[in-house]
Amino acid sequence: MKARKLGLFVGQNLRRNRRSFIFAGIGIVVGISSFVFFIGLGSGIRRVVSTEIFPMEANRIQVVPKMMQFDDASGGRLLDEAALAELRRIPGVAAVYPRMKLAVPSTMAMVGSRIAPEEVERISRMPGVQPEWLVAVRDFNSWLEIMADGIDPRLVKNDALFGTFEDPPPGQPIPILLSKRLVELYNSSFSRSRNLPPVNDILIPYMPALPWTVNDSFVSEAQVHGDKIYAHVRLVGTSHYALLGGITLPLDTVRKLNRRLRGERAAGLYDMAVLEAASSDRLSKVQEAVRAMGLDIDLSQKRMAESVGFAVTLVMLGFTLISLAMVGIAAVNIAHTFFMLISERRREIGLLRAVGATRQDVRAMVLGEAALVGGFGGVVGVAAGMAACFLIDILAVRLLPEFPFKPEHFFGYPWWMLAGGVAAAVVFCVAGAFAPASRAAGLDPSSTLSGR
Amino acid sequence: MALKGINLEIAEGAFVKVVGTSGSGKTTLLNIIGGLDTGYSGTAMVAGLNLRSMSDRELSRFRNETVGFVFQHFHLLDHLDALQNVTLGSFFSRGEEAEPEERAEQVLVRVGLKDKLHSLPGQLSGGQKQRVAIARALFNRPRLILADEPTGNLDTRTSGQIIGLFESLNKEDGITVVAVTHEDHLFRRATAGIRLEDGRMVEAGPA
């Protein structure tokens, strides 16, 4: 029996028994919509984890100096200019982006009353400025000892959106980047509770330059040797590569400060380098070469992302299995429906055999009907699941209070989820109809036609 | 009902009536000839084909291309109109009928249902239903029509018309007809007759 004819025949039968199939398909619709909902939610959460909380491009690794260990005869290796040059020569390495810690402590005295009038005026021009912001800024009093490091500007060229991220001419504010995670925590809790302006792409250009004192400490004067350096810093963007608990400056600025305050050696030692492979599939070879050089690879970020991702996957897998179990139960219902229909259609099947249907044709007709019921059920289930996702998404965004890393969308819609939903419905329906189809194919036409 | 010791030859172009009491094996004989029943020992040769040695696929093709069945209870599909019922065999044909609906219309006209092409079985009388069933049997141009009690559900007048139709198909189209019946007297123009009793053939020869 040709596919076109089979399709016509199956279509006729479905129309005839649509009520039975609609009831049988309800379970499929419910199961598949749950499947889509949970997969969509898991996908959305994993996206937030991998892009917002623990982001790391697949072709990048973080190389760090090896810590010396007692049982390690090879000893440690420092990350200096020679090591960077060697890293650049590894086959498959596309770029090396070094970063360097500021070797001395630094402080920020953020005193609202000391902010220059032109900077206050700048705040007052912020879009959507709230009167209480100006009051809060004027009354703001925060004395921080702050960590700082320098980063290769090429690594963050897409993050410094509101200024040039490079060592500035003397007297100009130093451009800085803040960690996206830190900013997220500040925006979702601190700024709200203190009526302070949030840090976002709209307001960053209006942020005031802040005083920064290098070689200064509120914690221990013993760490401070030599002169203090007074400067101003201005926020030019946020980056996943910025220091989580501090500020990130252009690499040349930190190198200069280290040279001036701690000498040439401190200006040539790096604490980390982001290494970019030409492609992610070459990364394992690059990692081997890095380790062979006596350097280490910091996988903590990646491992954290994987752990959280795994936990999310595990929970969602549980829910997905429950939804698939629902589809499985629906498939049993499908089987019952087909057994009933075949019992009602015994004579008809006998007639079809009399006019030339093979056993295979009869089996194909029943399985075709099941596949079509599954297909319809799957499409409706996917549509219902997506509608539920959209609805919950809108409600969650509107009704849930702000919290760190609250996403704009809680759900993801990978193509395989949509295709998988329909495919699962078809597979379960066909599996459910397999036994009835075999029974129909095995009916003896002479018995069925005579009503035996 | 099991048949015992049946040795029977039916000439091409014959019109054979098979008579006997209920349970004598008439339908079983018809099902064997039509390739619907395969659970027997012995040999059944139809149109030069040994049905016993054929696979399910081959038997299905044989039923589709060589045989047309007509049943006492018509066995029309209630959700299909006359035209669709008649084209049922085309779904399983190996060859593609160029215009199945045209062919169906042609055979429906042939059986006198020109005005009932799109009537559902529920809108037809018993005689008309049986005519649709005959048209369905004729659709694939069979060499043999096997009719199982074709007048069993019809009144005498309608039975006469249906039998007349079989006679005309046999005479004008050269189709071999084997008809099982209780109403021996209605098949006056049959060219041969077979009588079965308890699965045995007790009489065979010219009618």
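At what angle do α11(A) and α12(A) pack, and how far apart are their axes? The legends below take this pair first.

This is a predicted model, in which local features need pLDDT of at least 70 and side-chain atom pairs count only at pLDDT 80 or more, while totals for chains, interfaces and linings use all residues. Residues are numbered from 1 along each chain as its sequence is written, and chains are lettered from A and ligands numbered from 1 in the order in which they are written.

**View 1. α11(A) packs with α12(A).** The angle is about 150 degrees and the axes are 7 Å apart; axes are lines fitted to C-alpha atoms, for helices over the stretch in contact, and angles run from 0 to 180 degrees between N-to-C directions. α11(A) is therefore roughly antiparallel to α12(A) (angles over 145 degrees count as that). Their crossing is right-handed, meaning that the near helix is turned clockwise from the far one by less than a right angle. The contact of α11(A) with α12(A) has 20 nonpolar, nine polar and two charged residues. Here Ala, Val, Leu, Ile, Met, Phe, Trp, Tyr, Cys and Pro count as nonpolar, Asp, Glu, Lys and Arg as charged, and the others, Gly among them, as polar.

**View 2. α2(A) also packs with α12(A).** Look for an angle of about 150 degrees again, with axes 10 Å apart, so α2(A) and α12(A) are roughly antiparallel to each other. The crossing is right-handed. From α2(A), residues including Ile28(A), Phe35(A) and Gly40(A) meet residues of α12(A), among them Met417(A) and Cys429(A). This contact holds nine nonpolar, three polar and no charged residues. Two residues are in contact if their C-beta atoms, placed from the backbone, lie within 7 Å.

**View 3. Helix α9 of chain A runs through residues 300–344.** Helices are DSSP runs (H or I, at least four residues) and strands likewise (E, at least two), numbered from the N terminus. At 1.5 Å a residue, the 45 residues of α9(A) should span 66 Å, and the end C-alpha atoms are 64 Å apart, which agrees. The expected span is 1.5 Å times one less than the number of residues. Buried residues of α9(A) include Thr320(A), Val327(A), Phe338(A) and Ile342(A) (buried: 20 or more other C-beta atoms within 10 Å of a residue's own, all placed from the backbone). Their cover includes α2(A), α11(A) and α12(A).

**View 4. Chain B touches chain A.** Chain B brings 20 residues and chain A brings 19. α2(B) gives the most to chain B's side, with six residues.

Notes
A residue is buried if 20 or more other C-beta atoms lie within 10 Å of its own, exposed if 12 or fewer, and partly exposed in between; C-beta atoms are placed from the backbone. Angles under 35 degrees count as roughly parallel, over 145 as roughly antiparallel, 65 to 115 as roughly perpendicular and the rest as oblique.
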